[in-house]
Amino acid sequence: MIVRTVNSVRPFGYTLAGIGAAVIAGLAYYSHQEHLKLSDATFVTGWVLLTAMVSLALFNIRKRLSMMPMGRAAYWLALHVVIGLFAVGMFIVHTGGIWATGFYEQVMAGLFWATALSGIFGWLYQRAMPRRLTRIGYEVVYERIPAEIAALREEAEEAALEGVGASGEPTLGRFYSETMQDFFRRPRFMISHLLGAGAAQQWVDLRFRTVRGLVGSQEEPALARLEAAARRKLSIDAHYAIQRSLKLWVAVHVVLSAAMLTLAVWHLILVHVYAR
Amino acid sequence: MTEDKNRFAHDRSPYERPNFPFRCGREAAFGKPCPRGPSAGGDCQGVADCTPFRTRKIVTNAETGEETEIQRWECRRPQYAGGPCAEGPRPDGTCSCIHPPCAPKPTIRRQRGRWALLAVGAMVAMALAFVGAAGGIIGPKPDADGILSHVGWPSSVNPGQLSGKHEQFTAKDGCISCHVGHSDTLTGWAGAIFERTTISDSCVSCHSFGEKQADADPKAQSPMAFAAHNTKFPNRADAPTATCTGCHTEHKGVDASITPMEDGQCSACHTTKFDSFSKSHPKFGANFPHESARTIKFPHGKHLETHFVDQRYIDKAPKNGCVSCHTDQVDGRLLPGSFENGCAACHELAIKEQGMVVFGLPELSDPELTAEARDSCGFPVPQLEPVRATLEALAEALPTMQALGENAESGNLNGVMSGVAALSEAQAAIAEAQEELAEAVDMSEAVSLDSLSPIAAFLLAVPADDADEYSEAAAAFLIAAAAEGQVPLAEAIDAKGGDANVLLSGLSPELVTEVTCAWAANTEYEPKQDPEPGAGWTAQELQVSYLPTGHADAVTKGWIALGLANRGSEDEGAEAFAKLVLSAGDGPGRCFKCHVAPAADAEKQAVQWVIPRVDARPFTAFNHDPHLNVLDQVAGCATCHRQLEPGETLADGQSRPGPHANDFKPIDQATCKDCHRPGGVRQDCSLCHRYHSNPSIRKGTM
């Protein structure tokens, strides 16, 4: 039975988005009116944009101060997403376009768009990937995956030895050492798992379908144990690929944000030196 | 392997957190991690499985009651790592389960922090490095050869290249050419953060907009520079102001236009709002675009329909329509070309014939004055000598006649004989004296004019037609002219505020002397040959005249300027002089058959001889070029410029065919809207209107 819970974050997010859109519209109107009056609103819009960008950076601090009662992370995420989209709008209002002409301003604009696009991508990505993880039917913390793989490897080696011991034939031992050992060494088929393709599944199916015709009845329990370990490894690999990508996009987003904020501060200094 | 839901229980697995900065090196290689993991500083703690704990226990001997302290090392290996080991700690308290150390690896979180710091450092380094690459905080400056070697280099200071017209502007002082707030020192640069300046102040150090003091004092700033439309509305105290940077945004690239203006920006101030030109633009002026005063009067209709079809002049008529004469393109306007190319074929000869008499030789009221003039030329003065000789002869003869009578009465024949002889001599003297007297009487019929010329009367400040009034001054003038040529004339001109060097340019002093002395000799001056049109200074009979050498003759323009300068003066002769040089006729005033004379009450009494190249409507611009291809094939220019039909009246009541009246209908706005409409050609305000009035560059800028 599917249980639907009332998501209180979504109305909060919509409300914020509405406020953000209204503020952007107001500032765009104000900026245009100033432009018509042969005046300049870029100082105002610039400060608003910088404030928004600094506010976005505070989301990272919220995660670091998770022990403090600062509200649910979901609300913070909603706030982060809305302010991020608000910053995109303010950037266009502030610059009057999407690109710049000077070298350092082009670098800054490039960093802004890279940050914004990585943020939008990540937002959508982290909404889609957890469903994939759920469909795997197996849960594991990312940090435990190496230990899990190591445990599976031990399990697989024991199964192979068990098969050899039970039959006296080296078939299962050779199958493990020549075919499966490398598979258990580390996560495999990363791209296939990321894309949700079945390359890894097919590879394992093919290998075990092949070896199954070569083993005797004494080896079958061990082979079944080995196959179970391999299939668990597929699930763990999928977790590893997806969870790692979820962490890596955040890393890219944060690094880009840090670079952009640095140039934004530089831009602020230059504006107050030259443009006043 | 069956999934064990409790495999991560606290006693079965180590406690993992995503915010750990390091992870076990073996784990990073997907091996079995050690149970202890790395320290927060990244050191391996997995060499030993545990840190044994020493316990102390007091054991009491039941027999003796002696207490003994027993110390033992206990294994503290956690349950998830297998619990206490069988070997237990060594005697020295070290763990007996020793492994080789690993090299802990930073977690993604840790790596993320490092990359973020690196990115911050890279941006700071880039900012500082490209400050230097672009010439430092003051921007590009010229090298020893005067070349701006850093222009266009990547810069972390310059937000974009300057537009083409300003590209080399910073050659001397760099960024502080405009950004005066900071100096070329780092402290001055940093201090500018807290100093508020206006860049527009720098703009008007080069640009001026008709302010009178702009050229006089390059550093002077006029509030009109920032007033709406600058000096167009100098008396509007409530005129809104604006900064230059409000419209002209620089640093947008070499090819960027920094002069665009939106319709909305006009509407922000203008009280008459309208959506677009095609929908609701205010009507053009009643005679647009001919409402402003013209400098040349040219009756197009009369020329086109009368002169150019006259068989006598048809060979001189323009062959290519309007552009035969309207050859000069200035700011998109098609102005008439030069006189030589358009008008000279028909009008040049008439100009060369429009001579003016500068001075004539008048009759003087007192013969003594004439005699003085004659004397000044070295001629004898015959008028009184014959009379005196005759009277002397008669006086001498009278005693002889009395003695003759007495001798006749007394019968003294000798006396009678000598008396008769004396009478004969006296008769001869009287006869001779009579001849001289007769000659003197002939001289009294003077060869001279009845009056002074208007120019001479004005210069001498005497009435032209009253000999009693002008004789003394004229005699003095003529006596001086006979002796010194044009000098007295030049002095008189200077006294009236004229420039004799211009007004008498080319006048020979010998000519003045010869004419004056011919008159003194009571003869008419006879030139060696009759003067040709355009001969310049000439003399004939009793007049010294000037025939213009051609169109735009400097001497003629000089006399007209003198006439204008004395227009309205109450000086004697000024009115007649002004009438001579300003009224259309045969003299200099003939110029005003085509040129427009200033109104009598005009503040500036000067003739605008050439068609001004600066548009009299500084806020309206029209470029003919793009319109030429859309003209009606038959009507041509008349598609827009339509002549008035005979008898047709303009909106202001002016009708054709007034000789100097404008004979074109106003431009019909509907004609413009045929193309300038939504979906057609652009129709924004700045297409036809300019914001600034009289924009120019101050002297000394370039």
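**Chat about the model**

Modeller: Let me begin with a detail: a polar atom of the Gln605(B) side chain lies 3.1 Å from the backbone oxygen of Ala602(B). Keep in mind that this is a predicted model.

Colleague: Thanks! Which other backbone oxygen does the side chain of Gln605(B) reach?
Modeller: That of Ala600(B), at 3.3 Å.

Colleague: And where is Gln605(B) found?
Modeller: In chain B, in the loop between α20 (574-582) and α21 (625-628).

Colleague: What does Gln605(B) touch, leaving out residues up to four places away in sequence?
Modeller: Leu564(B), Arg567(B), Pro598(B), Ala599(B) and Ala600(B). Take Leu564(B): it is 41 residues from Gln605(B) along the chain, yet the two C-alpha atoms are separated by 5.7 Å.

Colleague: Does Gln605(B) count as buried or partly exposed, and why?
Modeller: Partly exposed, because its relative accessibility is 21% and buried means under 20%.

Colleague: OK, moving on to Thr295(B). Is Thr295(B) buried or exposed?
Modeller: Buried, because its relative accessible area is 12%. Thr295(B) sits in the loop between α7 (277-280) and α8 (300-307) of chain B.

Colleague: What does Thr295(B) touch, again not counting residues up to four places away?
Modeller: Its contacts are Cys594(B), His595(B), Val596(B), Gln608(B), Val610(B), Ile611(B) and Pro612(B).

Colleague: Let's zoom out. How many helices and strands does chain B have?
Modeller: Chain B comes to 23 helices and 11 strands. It has 702 residues, and 35% of them are buried. For contacts within chain B between residues at least 6 apart in sequence, 59% join residues at least 24 apart.

Colleague: What about the accessible surface of chain B?
Modeller: About 40200 Å², with 55% of that belonging to carbon and sulfur atoms.

Colleague: Now the interface. How much area do chain B and chain A bury between them?
Modeller: About 4900 Å², and 63% of it is on carbon and sulfur atoms. As for polar contacts, 10 residue pairs are counted between chain B and chain A, with both residues at pLDDT 80 or more.

Colleague: Which helices of chain B supply at least two residues each to the side that touches chain A?
Modeller: α2 (108-133) and α6 (263-267) of chain B. Of the elements on that side, α2(B) gives the most, with 13 residues.

Colleague: How many salt bridges does the rule find across the interface of chain B and chain A?
Modeller: The rule finds 0 there. In terms of contacts, 61 residues of chain B meet 57 residues of chain A.

Colleague: Switching to backbone angles, which residue of chain A has a positive phi although it is not a glycine?
Modeller: Leu38(A), with a phi of about 60 degrees. I mention it because most residues other than glycine have a negative phi. Leu38(A) lies in the loop between α1 (9-36) and α2 of chain A, and it counts as buried because its relative accessibility is 10%.

Colleague: What about Ala461(B)?
Modeller: Ala461(B) is not a glycine and has a positive phi of about 60 degrees too. It is found in the loop between α14 (454-460) and α15 (467-484) of chain B. With a relative accessible area of 39%, Ala461(B) is partly exposed.

Colleague: Last topic: which residues form the nonpolar patch on the surface?
Modeller: Val54(A), Leu58(A), Ile61(A), Leu65(A), Met67(A) and Met68(A), with about 520 Å² of accessible area together. Met68(A) is in the loop between α2 (42-64) and α3 (73-95) of chain A, and it is partly exposed at 41% relative accessible area.

How values were computed:
Residues are numbered from 1 along each chain as its sequence is written. Chains are lettered from A and ligands numbered from 1 in the order in which they are written. This is a predicted model: local features need pLDDT of at least 70, side-chain atom pairs count only at pLDDT 80 or more; totals for chains, interfaces and linings use all residues. Side-chain values use heavy atoms; hydrogens and water are left out. Patches are made of residues with over 30% relative accessible area and no salt bridge: like charges are joined within 9 Å, nonpolar side chains (Val, Leu, Ile, Met, Phe, Trp, Tyr) within 5 Å. Accessible areas come from the Shrake-Rupley method with a 1.4 Å probe; for residues, only the protein chains shown count as cover. A salt bridge is a side-chain nitrogen of Lys or Arg within 4 Å of a carboxyl oxygen of Asp or Glu. Helices (H or I, at least four residues) and strands (E, at least two) are DSSP runs, numbered from the N terminus. Buried means under 20% relative accessible area, exposed over 50%, partly exposed in between (1.4 Å probe, protein chains only). Contact means heavy atoms within 4.5 Å. Buried area is the accessible area (1.4 Å probe) that two parts lose on being put together, summed over both. A polar contact is a pair of N or O atoms within 3.5 Å; within protein, one must be able to donate a hydrogen and the other to accept it, and residues adjacent in sequence count only if both atoms are side-chain atoms.
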